[in-house]
Amino acid sequence: MVRSWPMVLLTVLLLALTLPAGMLIAPALTGPARSTAEPAQTPSWQLVPERLSVPQGIDPLSNAAPVPVPANVAARLDPVLKTDGGGSFTAVVQDAATGKVLYDREGAASRIPASNMKLLTAVAALRGIGPEERFSTRVLAGPAAETPGATPGAATRSVVLVGGGDVLLGAGDSAESKVLGHAGLATLAKQTVESLRKGGFKGQLQVLVDDSLFTGPALNPAWSPDDVAAGEMAPLFPLALNSARFDPADTTAPRPQDSAMASGEAFAAGLKAAGAAAGLTVAPAVVRLDGKPAADAKVLAEVRSATVSQQVDLMLQTSDNYLAETLGRMTAVAGGQPGTNESARAAVLEQLSGLAIPTDGMFAADVSGLAPANQVSARQFSEVVRAITNGKDTRLRAALAGFPVAGLTGTLGDRYIDESTAEGAGLVRAKTGTLNTVIALSGYVVDADGRLLVFSFIGNGLTPGAAGNKPALDTAATALAGCGCS
């Protein structure tokens, strides 16, 4: 019998009341809204959640909840986990508390994971950088001499905009209640003008951009040029507006191809607006810095991003490739490695090894899942989800709120709405993944007996337009949620 929506919402409420106090239930995060003009219209996925004490793990809703019998789990999943056409599914279901494998369909086979790859990046960033860390965007005093683009003969001073890994910058004032736009370039410009005013400088400012934190190719050769042209990805820089989008609400449009210079131009516009009253003008051309700023350059201004945990949640909710790749590179930088594609991939695998998650057969072509050369097994994903929900490293609990909630939030917000999957709405929490012939779903669910289960389903070799197989994955996850399989 299909639950009515009132019954689904009642179930979610009862779950919230009965779960241990430390368990982090995914908040009501939604996809991006078109209008954010008024505070009341701010999309909730941009809001910074209230800081909670670090939960120690997710326990069963009842300590007496029985572990499902594998044969009974198979009886529920086998009839529904079927492809719509060609290809095949691999799958693993585990008891979260004990790790016991309850269902295994070629779970050790390496598969193309699509955006489930972001689960690996989330874990790596939380371990390698830290959930409460923030990325700084700074302005340093540059040389006082004339620089390219400045007006000849004018009293000119340069300022250097230094990218520190925040690709969620906003063009306006800092919005501390948001993740996207938490740090604003207009605020940075006002701080810069105030520092210069106190120093008595009046004249022309030349904006230089330092994007040297990331090195090597800005585009991963494993990505299809067609995906780049379609806006799935763009050249990677350590500073960007709106995760390298012209309009953060339009996630299907092409992205800026030089987000560092676009940020510099937005900062220059902020300087021009803020500096007029202080007797400052701004040279029309923004110039990329050749080399690095002087080691003893004075810091004129600084804004800081949302925390890494908040950025991880946003990445998982919206499945943003650009943000994922940035977090991968920043994980490498935090470990003392260069900010390159290669270092990001190595850093993610290293962090998984640190969790004692087997990486045999795993291959990372990128850290976002856009590359079709990635190879990860369903068993490896289920172990990653289990590490997040029940592992010893409590820093990983910060990722729990990022899992989209079936029928309610993120990339699962428009799923679990028909008769075959409605019972899973509000109960299934999972990361999605879709490429042309690939589909994946990995996450966790509390079954009908109150037992926490982790799962991973991956379809490969599917009929092109793999999204047609979403109902099979959603029905399988719903079957787990309704499973009284002891």
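Predicted model: local features only at pLDDT ≥ 70, side-chain atom pairs only at ≥ 80, totals over all residues.
## The disulfide

The torsion about the S-S bond of Cys483 and Cys485 is about -125°, so the disulfide is left-handed. Is this pair buried or exposed? Both Cys483 and Cys485 are buried.

## Strand 14 and its two faces

Strand 14, which covers residues 438-446, is mostly covered, with nine of its nine residues buried. In a regular strand the side chains alternate between the two faces of the sheet. On one side of strand 14 stand Val438, Ala440, Ser442, Tyr444 and Val446, on the other stand Ile439, Leu441, Gly443 and Val445, and all of these residues are buried, which leaves both faces covered.

## The neighbours of strand 14

Strand 13 (residues 429-435) runs antiparallel to strand 14 and is joined to it by seven bridges, while a hairpin of two residues links strand 13 to strand 14. Strand 15 (residues 452-460) is also antiparallel to strand 14, and eight bridges join these two strands.

## Confidence in the model

The protein chain has a mean pLDDT of 87, and 85% of its residues reach 70 or more. Over residues 1-61, however, the pLDDT is below 50, although this stretch has 111 contacts in the model beyond near neighbours in sequence.

Definitions and conventions
Residues numbered from 1 in each chain as written. Heavy atoms only, no water. Disulfide = S-S within 2.5 Å. Buried < 20%, exposed > 50% of the residue type's maximum accessible area, 1.4 Å probe, protein only. pLDDT = per-residue confidence, 0-100. Contact = heavy atoms within 4.5 Å. Helix = DSSP H or I, 4+ residues; strand = E, 2+ residues; numbered from the N terminus. Pairing = 2+ DSSP bridges.
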